[in-house]
Amino acid sequence: MIRTESPLASNYLAIDLGGSKLLSAVVTVRNVDSFPRAVLSGISKRPLHKDSGRNGVWSAILSAVDETFRNSGFEWKDITAIGATIPGVADPQRGLWVYAPYSGIRDFPIAEELATKYGKPVFADNDVNACAWGEKIFGVCQNVDNFLWITISNGIGGGLVLDGRVYPGKFSGAAEIGHFNVVEDGALCGCGRHGCLEATASGQGVARAYREHVLNVARGEGTFTPSLIDGWKNFILQKHQTLDETKAVRLELESIPSVDAALIADEARKGNPLALFTYREMGGYVGRAASWAANLINPEKIVIGGGVAGAFDLFYPALQEKFQKYVFRQANQSLTIEKTGLGYEAGLLGAVSLAYDNPYL
Ligand SMILES: [Zn+2]
């Protein structure tokens with residue numbers, strides 16, 4: 001193939017607002033082999049707190065953006081437009097941050113304020129929809145017009161692209177796959193109901209499940225097979241080589257309040273059978289929920305992103321197994337389930353994708 005590279009590049013300012021931090025960067029987009037490719041410069045980071053409030057968020061944005069320009073070498077005259085992601089409920093048509101449950105920020109006209117401050121067009125949307133659109137522009141869905149994007153991190157969210165456009169739903173609540181019920185009367189979800197996918201299979205859900213499994217095995221409860229229990233005991237004896245079984249189990253029990261999904265993934269890769277079991281169980285729940293979504297929308301792809309997607313190899317086999325068990329296969333033969341192509345900078349790429357080719361215009 002002859003590699004064609006357009007000399008024309010455009011630069012955007014991207015702002016990715018999350019629950020605990022914000023990132024800003026200048027993103028240069030140029031076409032390579034007819035597809036846009038993004039290069040990020042001057043990435044700046046600021047912490048955000050639950051009680052940062054609207055003024056705290058605004059001053060963090062101004063300071064991060066100043067630093068981005070200082071470090072990237074770009075000037076405002078180089079910038080075509082600004083893209084921003086919003087954590088929580090957003091109105092993309094008005095660029096309005098409608099509501100963030102964790103911080104209580106309401107009705108913040110963030111696109112308008114950024115446009116007034118910097119004199120550039122601003123495009124903003126909910127972070128999950130922005131990442132779904134980022135996958136279409138820069139990721140593994142560049143040739144795909146119908147797909148579901150699932151983010152698995154501390155929570156679970158979904159973004160839907162139908163016929164090449166983001167489908168937000170009438171009240172910006174489409175694709176809330178995190179609140180599909182997968183366990184009758186299961187763990188309590190942040191939404192107030194029990195047994196949602198988010199409560200069961202998010203990073204927090206994985207950590208909660210693993211803690212329960214360790215507690216059950218240590219107490220001789222639960223329904224684990226003898227070989228799994230023996231495998232776990234052998235694993236922790238190898239891990240704490242100088243200790244006997246009672247002390248090794250006690251040390252594991254003492255450490256479980258601090259385990260998180262990343263640590264459990266690390267243990268699973270080292271051969272901890274309870275950690276592997278936890279990820280397989282989690283994959284099964286995601287697979288069931290994905291089968292219901294596929295039966296409803298018949299997409300070409302389902303893409304999985306978010307921090308827990310780093311453990312994709314651990315949960316994907318069980319996800320596929322349950323997905324194939326429950327999906328209406330006759331209609332979904334060529335559907336594939338893949339890991340995001342956006343990587344760690346997904347939020348910034350989602351933000352710039354809104355400004356590069358807005359899905360609502
Ligand atoms: Zn829920």
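Which domains does the domain assignment give for this protein? There is domain 1, covering 5–137 + 345–356. And there is domain 2, covering 143–340. One caution before we go on: this is a predicted model.

Let's see how the domains sit together. Their C-alpha centres lie 29 Å apart. Across the boundary, 13 residues of domain 1 are in contact with 13 residues of domain 2. What supplies the domain 1 side? E5 and H3 each give at least two residues to the side that touches domain 2. H3 gives the most, with seven residues. By class, that side of domain 1 divides into eight nonpolar, two polar and three charged residues. Keep E5 and H3 in mind. Both come back.

E5 first. It belongs to an open sheet of three strands, in the order E5-E6-E7. The pairing there is antiparallel. Which strands are at the edges? Strand E5, residues 89–91, and strand E7, residues 106–108. Each of these pairs on one side only. Neighbouring strands in this sheet are turned by 20° against each other on average, ignoring direction. Look at strand E6, residues 96–99: E6 and E7 pair in the antiparallel sense over two bridges. A residue pair to find on screen: Tyr99 stands opposite Arg106 in E7.

Strands of a sheet pair through backbone hydrogen bonds, either parallel or antiparallel.

Now the other sheet. It is open as well, with five strands in the order E11-E10-E9-E12-E13. Here the pairing is mixed. Strand E11 (165–166) and strand E13 (336–339) are the edge strands. Each has a single partner strand, so one side of each is left without a neighbour in the sheet. Strand E10, residues 156–162, pairs with E11 in the antiparallel sense, over two bridges. Within that pairing, Val161 stands opposite Val166 in E11.

Back to H3, residues 127–138. What does this helix lie across? Four strands: E9 (147–152), E10, E11 and E12 (301–305). H3 runs at about 50° to E10. Remember, H3 is also the top contributor to the side of domain 1 that touches domain 2.

On to helix packing. The one to follow is H9, residues 273–297. I'll show two partners.

Partner one is H6, residues 226–239. The axes of H6 and H9 come within 8 Å and cross at roughly 125°. That angle makes H6 oblique to H9. Who makes the contact? From H6, it is Leu228, Gly231, Trp232 and Phe235. From H9, it is Pro273, Leu274 and Phe277. Sorted by class, that is six nonpolar residues, one polar and no charged.

Partner two is H10, residues 312–326. The axes of H9 and H10 come within 7 Å, crossing at roughly 35°. Is that crossing left-handed or right-handed? Right-handed. On the H9 side you will find Leu276, Tyr279, Met282 and Val286, among others. On the H10 side, they include Leu314, Phe315, Leu319 and Phe323. The contact of H9 with H10 divides into 13 nonpolar, five polar and four charged residues.

To close, one thing to take away. Start at H3: it gives seven residues to the side of domain 1 that touches domain 2, and it lies across E9, E10, E11 and E12.

Notes. Residues are numbered from 1 along each chain as its sequence is written. This is a predicted model: local features need pLDDT of at least 70, side-chain atom pairs count only at pLDDT 80 or more; totals for chains, interfaces and linings use all residues. Two strands pair if DSSP finds at least two bridges between them. Axes are lines fitted to C-alpha atoms, for helices over the stretch in contact, and angles run from 0 to 180 degrees between N-to-C directions. Angles under 35 degrees count as roughly parallel, over 145 as roughly antiparallel, 65 to 115 as roughly perpendicular and the rest as oblique. Two residues are in contact if their C-beta atoms, placed from the backbone, lie within 7 Å. Ala, Val, Leu, Ile, Met, Phe, Trp, Tyr, Cys and Pro count as nonpolar, Asp, Glu, Lys and Arg as charged, and the others, Gly among them, as polar. A crossing is left-handed if the near helix is turned anticlockwise from the far one by less than a right angle, and right-handed if clockwise. Domain bounds come from an automatic or database domain assignment.
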